[in-house]
Amino acid sequence: MSVRLRQTLSSLPAYVPGRSVPGAVKLASNESPTGPLPHVLERIAEVAADVNRYPDNASTELTAALAARHDVDPAQVAVGCGSVSLCQQLVNITAGAGDEVVFAWRSFEAYPIVVAVGGATGVPVPLTPDHCHDLPAMAAAVTPATRLVFVCNPNNPTGTTVDRDAIEAFLAAVPDDLLVVLDEAYHEYVTDPEVPDGIDLLAAHPNLVVLRTFSKAYGLAGMRVGYAVAADPAIATALRQVQTPFAVTTLAQQAALASLEPRATEQLRDRVATAVVERDRVRDALLAAGHDVPPSQGNFVWVPWGEDTTAVAAELEAQKVVVRGFAGSGARVTVSTPEDDDAFLAALTTLPPPPSAT
Ligand SMILES: *Cc1c(COP(=O)(O)O)cnc(C)c1O
């Protein structure tokens, strides 16, 4: 007889990490193609000597640095083991059995998982035909049972954004005791001035939380550190209440702190600028080859290959280029170095042209 596990586990969608194939170009996980900044790596090595000690459970120094950076009160900040952990904590502080969590679909694949693990009910709201959040439909999907809404801006995996006016209209349409999360994992790559910095919206919206991460533009995906900035300190306190003790390691805290130092600013800005140039170049090349690619404000592009997605992704992988395919829907292709991106574009030219181009 096997042990009795929670029923919900059998219906849980699996999180599919981007595949790492030895010798292949990996464009599947929206990672930074370059290693940590030299002084960040040095800091990690220095503090590695202290790992016989537990980390500071409150991430005190990092919390203060983040509060200073965003000009908010430290009580509004909660640090987490990657912002995906904060997504789970946000569910845990708001929703349980019988409660609903609204998110766009397709969006970040962790949302339905953390909602189901939390015992709540996910309410996915389809993207518009041009791959954007349908905020009016999301507002209409809010019921008295809704406790939390995720808005991913830019959206993973489509790269599309919602602008300031649309978000303001959405916030005006939903109850002000409903927690709204703006997941801004790709905020650093945004160049469209219509897309707001969510932190600027906090002062006027007590029910808003913004998520940021060190995994993407800061190049620290393997360190696992992200944070929430909440309009209301009570939300940040609740997030800290449900966090796994000592979830953010000393290495992660110190790597993040080093990344916030002034000497990191210019180097990080250069890296982001390169990613932005590459994103626009790769999109233009794909459009020229007849692929449909929505404008992206992230470090990736979305190619809606529909039913062909799995076959195209397999063909690319046979040519040592790994993208993140979502069966029946499309592929998310991380932009990387010009060399890696050229490898992707070259591999693609060996495949049959998309139906729309013929
Ligand atoms: C990558 C990503 C995150 C966070 O990742 P962490 O590594 O857990 O900080 C959060 N949201 C979205 C939409 C992402 O794509």
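Okay, housekeeping. Since the model is predicted, local features need pLDDT of at least 70 and side-chain atom pairs count only at pLDDT 80 or more, while totals for chains, interfaces and linings use all residues. Numbering starts from 1 along each chain as its sequence is written, and side-chain values use heavy atoms, with hydrogens and water left out.

Ligand first. There are 13 residues around the ligand, where "around" means a heavy atom within 4 Å. Tyr-186, Thr-213, Ser-215, Lys-216 and Arg-224 come nearest. By class, that shell has 5 nonpolar, 5 polar and 3 charged residues; Ala, Val, Leu, Ile, Met, Phe, Trp, Tyr, Cys and Pro count as nonpolar, Asp, Glu, Lys and Arg as charged, and the others, Gly among them, as polar.

Now, which side chains make polar contacts, meaning N or O pairs within 3.5 Å? Thr-213 puts a side-chain N or O atom 2.5 Å from a ligand oxygen. Asp-183 has one 2.7 Å from a ligand nitrogen, and for Asn-156 a polar side-chain atom sits 2.8 Å from a ligand oxygen. On its own the ligand exposes 380 Å², and the protein buries 94% of that, using Shrake-Rupley with a 1.4 Å probe.

Asn-156 also turns up in the backbone story: a cis peptide bond joins Asn-156 to Pro-157, omega about 20°. Pro-157 is in the loop between β5 and α6. Asn-153 to Pro-154 is cis too, with omega near -5°, and Pro-154 belongs to the loop between β5 (146–152) and α6 (164–173).

One more backbone spot: His-131, in the loop between β4 (121–126) and α5 (135–140), has a positive phi near 70° despite not being glycine.

Last, the helices. The axes of α10 (262–288) and α12 (338–349) come within 11 Å and cross at roughly 10°; axes are lines fitted to C-alpha atoms over the stretch in contact, with angles from 0 to 180 degrees between N-to-C directions. So α10 is roughly parallel to α12, that is, under 35 degrees. Contacts (heavy atoms within 4.5 Å) include Val-282 and Leu-286 from α10, and Phe-344 and Leu-348 from α12.

Methods: Helices (H or I, at least four residues) and strands (E, at least two) are DSSP runs, numbered from the N terminus. Angles under 35 degrees count as roughly parallel, over 145 as roughly antiparallel, 65 to 115 as roughly perpendicular and the rest as oblique. A polar contact is a pair of N or O atoms within 3.5 Å; within protein, one must be able to donate a hydrogen and the other to accept it, and residues adjacent in sequence count only if both atoms are side-chain atoms.
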